[in-house]
Amino acid sequence: MTTLVLALVAGAVIGLALGGLGGGGSVLAVPALVYLLGFTPAEATTASLVIVTLTSVTALTGHARDGNVVWRTGLLFAAAGVLPAMLAGAAAGHLSQAVLTIAFSVIAALAAVRMLRPARTGPTGPVSAGRAGAAGAGLGAVTGFLGVGGGFLAVPALVGVVKLPMRRAVGTSLLVITINSLAALGARAGTGTHLDWAVIAPFTAAAVLGAWDGKRLSHKLKGGTLQRVFAYVLLAVAVFMLVDALL
(Lines give C-alpha, C1' and ligand atoms only; values in the text may rest on other atoms or scores of the structure.)
Protein backbone atom coordinates (compact mmCIF):
# COMPACT_ATOMS: atom_id res chain seq x y z
CA MET A 1 0.00 0.00 0.00
CA THR A 2 2.87 2.39 0.85
CA THR A 3 4.47 1.76 -2.53
CA LEU A 4 1.20 2.51 -4.31
CA VAL A 5 0.73 5.79 -2.42
CA LEU A 6 4.30 6.87 -3.17
CA ALA A 7 3.86 6.03 -6.84
CA LEU A 8 0.64 8.05 -7.04
CA VAL A 9 2.08 11.10 -5.25
CA ALA A 10 5.32 11.10 -7.26
CA GLY A 11 3.43 10.66 -10.51
CA ALA A 12 1.07 13.55 -9.72
CA VAL A 13 3.96 15.93 -8.97
CA ILE A 14 5.79 15.00 -12.16
CA GLY A 15 2.62 15.35 -14.22
CA LEU A 16 2.00 18.82 -12.79
CA ALA A 17 5.48 19.92 -13.81
CA LEU A 18 5.29 18.39 -17.27
CA GLY A 19 1.87 19.85 -18.01
CA GLY A 20 2.67 23.25 -16.58
CA LEU A 21 6.21 23.73 -17.82
CA GLY A 22 6.24 21.72 -21.06
CA GLY A 23 9.08 19.65 -19.66
CA GLY A 24 11.24 19.17 -16.62
CA GLY A 25 8.92 16.80 -14.80
CA SER A 26 10.58 13.72 -16.22
CA VAL A 27 13.90 14.64 -14.69
CA LEU A 28 12.36 13.96 -11.27
CA ALA A 29 10.92 10.60 -12.32
CA VAL A 30 14.27 8.80 -12.17
CA PRO A 31 15.21 9.84 -8.59
CA ALA A 32 11.64 9.16 -7.45
CA LEU A 33 11.78 5.65 -8.87
CA VAL A 34 15.24 4.98 -7.41
CA TYR A 35 14.98 6.48 -3.93
CA LEU A 36 11.26 6.15 -3.19
CA LEU A 37 10.31 3.00 -5.06
CA GLY A 38 13.48 0.89 -5.03
CA PHE A 39 14.31 0.74 -8.75
CA THR A 40 17.90 0.41 -9.93
CA PRO A 41 19.19 3.33 -12.07
CA ALA A 42 18.94 1.19 -15.22
CA GLU A 43 15.36 0.13 -14.41
CA ALA A 44 14.41 3.68 -13.44
CA THR A 45 15.66 5.28 -16.67
CA THR A 46 13.72 2.78 -18.77
CA ALA A 47 10.56 3.07 -16.67
CA SER A 48 10.89 6.86 -16.82
CA LEU A 49 10.73 6.74 -20.61
CA VAL A 50 7.43 4.86 -20.44
CA ILE A 51 6.00 7.38 -17.98
CA VAL A 52 7.30 10.38 -19.92
CA THR A 53 5.98 9.14 -23.27
CA LEU A 54 2.42 8.57 -22.08
CA THR A 55 2.30 11.76 -20.01
CA SER A 56 3.74 13.88 -22.83
CA VAL A 57 1.13 12.60 -25.27
CA THR A 58 -1.58 13.64 -22.83
CA ALA A 59 -0.16 17.12 -22.32
CA LEU A 60 0.49 17.46 -26.06
CA THR A 61 -3.18 17.00 -26.94
CA GLY A 62 -4.18 19.92 -24.73
CA HIS A 63 -1.55 22.26 -26.15
CA ALA A 64 -2.37 21.18 -29.71
CA ARG A 65 -6.03 21.96 -29.16
CA ASP A 66 -5.01 25.48 -28.11
CA GLY A 67 -2.90 25.89 -31.26
CA ASN A 68 0.41 26.00 -29.41
CA VAL A 69 2.19 23.20 -31.32
CA VAL A 70 4.26 24.11 -34.39
CA TRP A 71 4.18 20.71 -36.04
CA ARG A 72 6.69 21.23 -38.85
CA THR A 73 9.31 22.71 -36.55
CA GLY A 74 8.74 20.09 -33.86
CA LEU A 75 9.01 17.20 -36.32
CA LEU A 76 12.21 18.62 -37.82
CA PHE A 77 13.69 19.11 -34.36
CA ALA A 78 12.67 15.64 -33.21
CA ALA A 79 13.80 13.87 -36.40
CA ALA A 80 17.37 14.98 -35.77
CA GLY A 81 17.24 13.40 -32.31
CA VAL A 82 15.81 9.98 -33.16
CA LEU A 83 19.08 8.24 -34.08
CA PRO A 84 21.10 9.80 -31.20
CA ALA A 85 18.31 8.80 -28.80
CA MET A 86 18.43 5.20 -29.99
CA LEU A 87 22.24 4.98 -29.89
CA ALA A 88 22.48 6.60 -26.47
CA GLY A 89 19.66 4.41 -25.15
CA ALA A 90 21.48 1.26 -26.24
CA ALA A 91 24.78 2.49 -24.79
CA ALA A 92 23.26 3.34 -21.42
CA GLY A 93 22.48 -0.32 -20.82
CA HIS A 94 26.20 -1.14 -20.71
CA LEU A 95 27.21 1.47 -18.12
CA SER A 96 27.51 1.03 -14.36
CA GLN A 97 24.84 2.31 -12.00
CA ALA A 98 27.27 4.79 -10.44
CA VAL A 99 28.11 6.35 -13.81
CA LEU A 100 24.42 6.69 -14.72
CA THR A 101 23.61 8.26 -11.34
CA ILE A 102 26.46 10.79 -11.53
CA ALA A 103 25.61 11.73 -15.12
CA PHE A 104 21.96 12.12 -14.26
CA SER A 105 22.63 14.29 -11.20
CA VAL A 106 24.86 16.64 -13.21
CA ILE A 107 22.23 17.06 -15.95
CA ALA A 108 19.51 17.57 -13.34
CA ALA A 109 21.55 20.30 -11.62
CA LEU A 110 22.14 22.06 -14.95
CA ALA A 111 18.42 21.83 -15.68
CA ALA A 112 17.58 23.42 -12.33
CA VAL A 113 20.01 26.28 -12.89
CA ARG A 114 18.60 26.82 -16.37
CA MET A 115 15.06 27.02 -14.99
CA LEU A 116 16.10 29.66 -12.45
CA ARG A 117 17.47 31.94 -15.14
CA PRO A 118 15.07 34.55 -16.55
CA ALA A 119 13.09 33.18 -19.48
CA ARG A 120 13.80 34.67 -22.86
CA THR A 121 11.23 35.19 -25.54
CA GLY A 122 12.08 35.32 -29.18
CA PRO A 123 10.17 36.50 -32.24
CA THR A 124 8.93 33.94 -34.70
CA GLY A 125 11.36 33.59 -37.59
CA PRO A 126 12.55 31.20 -40.27
CA VAL A 127 13.84 27.88 -38.97
CA SER A 128 17.53 27.17 -39.58
CA ALA A 129 17.67 23.48 -40.43
CA GLY A 130 21.31 23.19 -39.38
CA ARG A 131 20.92 24.83 -35.98
CA ALA A 132 17.65 23.06 -35.23
CA GLY A 133 19.18 19.74 -36.30
CA ALA A 134 22.23 20.14 -34.04
CA ALA A 135 20.11 21.11 -31.05
CA GLY A 136 17.66 18.28 -31.75
CA ALA A 137 20.46 15.71 -31.99
CA GLY A 138 21.91 16.77 -28.64
CA LEU A 139 18.51 16.63 -27.02
CA GLY A 140 17.87 13.15 -28.41
CA ALA A 141 21.17 11.89 -27.00
CA VAL A 142 20.31 13.18 -23.52
CA THR A 143 16.86 11.58 -23.72
CA GLY A 144 18.22 8.18 -24.73
CA PHE A 145 21.11 8.16 -22.29
CA LEU A 146 19.39 9.32 -19.13
CA GLY A 147 15.78 8.31 -19.72
CA VAL A 148 14.42 11.86 -19.47
CA GLY A 149 12.23 13.65 -21.96
CA GLY A 150 14.53 16.63 -22.20
CA GLY A 151 11.87 19.33 -22.07
CA PHE A 152 14.07 21.40 -19.79
CA LEU A 153 16.49 21.60 -22.74
CA ALA A 154 13.92 21.58 -25.55
CA VAL A 155 12.02 24.69 -24.44
CA PRO A 156 15.06 27.03 -24.26
CA ALA A 157 16.40 25.55 -27.51
CA LEU A 158 13.12 26.14 -29.32
CA VAL A 159 13.06 29.72 -28.02
CA GLY A 160 16.73 30.58 -28.51
CA VAL A 161 17.61 28.57 -31.62
CA VAL A 162 14.34 28.22 -33.50
CA LYS A 163 12.92 31.56 -32.27
CA LEU A 164 9.51 30.31 -31.22
CA PRO A 165 7.45 32.36 -28.75
CA MET A 166 7.52 30.84 -25.26
CA ARG A 167 3.97 29.47 -25.27
CA ARG A 168 4.49 27.70 -28.60
CA ALA A 169 7.89 26.44 -27.48
CA VAL A 170 6.26 24.77 -24.48
CA GLY A 171 3.64 23.04 -26.64
CA THR A 172 6.09 22.05 -29.38
CA SER A 173 8.56 20.66 -26.84
CA LEU A 174 5.99 18.02 -25.87
CA LEU A 175 5.96 16.73 -29.46
CA VAL A 176 9.76 16.51 -29.41
CA ILE A 177 9.75 14.76 -26.02
CA THR A 178 7.22 12.16 -27.21
CA ILE A 179 9.17 11.23 -30.33
CA ASN A 180 12.56 11.11 -28.61
CA SER A 181 11.21 9.02 -25.74
CA LEU A 182 9.65 6.51 -28.14
CA ALA A 183 12.95 6.19 -30.02
CA ALA A 184 14.90 5.64 -26.79
CA LEU A 185 12.36 3.06 -25.61
CA GLY A 186 12.74 1.19 -28.88
CA ALA A 187 16.50 1.00 -28.36
CA ARG A 188 16.06 -0.39 -24.84
CA ALA A 189 13.36 -2.91 -25.75
CA GLY A 190 15.79 -5.79 -26.16
CA THR A 191 18.07 -5.08 -23.20
CA GLY A 192 16.13 -7.29 -20.80
CA THR A 193 15.56 -4.54 -18.24
CA HIS A 194 12.91 -5.52 -15.70
CA LEU A 195 9.86 -3.28 -15.53
CA ASP A 196 7.58 -3.43 -12.47
CA TRP A 197 4.21 -2.57 -14.02
CA ALA A 198 2.49 -2.71 -10.62
CA VAL A 199 4.39 0.50 -9.83
CA ILE A 200 4.72 2.02 -13.30
CA ALA A 201 0.99 1.83 -14.11
CA PRO A 202 -0.31 3.88 -11.14
CA PHE A 203 2.68 6.22 -11.40
CA THR A 204 1.84 6.91 -15.05
CA ALA A 205 -1.90 7.28 -14.39
CA ALA A 206 -1.23 9.89 -11.70
CA ALA A 207 1.22 11.71 -13.98
CA VAL A 208 -1.31 11.81 -16.83
CA LEU A 209 -3.98 13.32 -14.56
CA GLY A 210 -1.43 15.72 -13.10
CA ALA A 211 -0.47 16.90 -16.59
CA TRP A 212 -3.99 18.19 -17.19
CA ASP A 213 -3.99 20.02 -13.86
CA GLY A 214 -0.52 21.39 -14.56
CA LYS A 215 -1.66 22.97 -17.79
CA ARG A 216 -4.53 24.73 -15.99
CA LEU A 217 -2.24 25.73 -13.12
CA SER A 218 0.23 27.36 -15.49
CA HIS A 219 -2.42 29.93 -16.45
CA LYS A 220 -3.10 30.88 -12.81
CA LEU A 221 0.38 31.26 -11.33
CA LYS A 222 2.26 34.49 -12.00
CA GLY A 223 5.94 35.16 -12.53
CA GLY A 224 7.03 31.60 -13.13
CA THR A 225 6.24 30.55 -9.54
CA LEU A 226 5.73 26.90 -10.47
CA GLN A 227 9.00 26.83 -12.41
CA ARG A 228 11.05 28.35 -9.58
CA VAL A 229 9.65 26.00 -6.94
CA PHE A 230 10.28 23.01 -9.15
CA ALA A 231 13.82 24.18 -9.95
CA TYR A 232 14.78 24.43 -6.27
CA VAL A 233 13.40 20.96 -5.58
CA LEU A 234 15.24 19.57 -8.56
CA LEU A 235 18.52 21.18 -7.51
CA ALA A 236 18.24 19.67 -4.03
CA VAL A 237 17.55 16.23 -5.50
CA ALA A 238 20.52 16.53 -7.89
CA VAL A 239 22.90 17.41 -5.05
CA PHE A 240 21.61 14.51 -2.95
CA MET A 241 22.06 12.03 -5.79
CA LEU A 242 25.57 13.23 -6.55
CA VAL A 243 26.66 12.98 -2.92
CA ASP A 244 25.06 9.56 -2.60
CA ALA A 245 26.83 8.27 -5.72
CA LEU A 246 30.24 9.59 -4.67
CA LEU A 247 30.17 8.35 -1.07
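The model is predicted. The chain has 10 helices and zero strands.

**The chain as a whole**

- Of the 247 residues in the chain, 50% count as buried.

**Helix 3 on its own**

- Helix 3 covers residues 41–65.
- Its 25 residues, at 1.5 Å a residue, should span 36 Å, and the end C-alpha atoms are 36 Å apart, which agrees.
- Helix 3 is largely enclosed by the rest of the structure, because 18 of its 25 residues are buried. Buried here means under 20% relative accessible area.

**Helix 3 against helix 8**

- Helix 8 covers residues 166–188, and its axis comes within 8 Å of the axis of helix 3.
- The two axes cross at roughly 145°, and the crossing is left-handed.
- On the helix 3 side, the contact residues include Ala42, Thr46, Leu49, Thr53, Leu60 and His63.
- On the helix 8 side, they include Val170, Leu174, Thr178, Ser181, Leu185 and Arg188.
- By type, the residues of this contact divide into 14 nonpolar, eight polar and one charged.
- An α-helix has 3.6 residues a turn, so residues three or four places apart point the same way.

Key
Residues numbered from 1 in each chain as written. Predicted model: local features only at pLDDT ≥ 70, side-chain atom pairs only at ≥ 80, totals over all residues. Heavy atoms only, no water. Helix = DSSP H or I, 4+ residues; strand = E, 2+ residues; numbered from the N terminus. Buried < 20%, exposed > 50% of the residue type's maximum accessible area, 1.4 Å probe, protein only. Axes fitted to C-alpha atoms, helices over the stretch in contact; angles between N-to-C directions. Left-handed = near helix turned anticlockwise from the far one by under 90°. Contact = heavy atoms within 4.5 Å. Nonpolar A, V, L, I, M, F, W, Y, C, P; charged D, E, K, R; others polar. Expected span 1.5 Å × (residues − 1).
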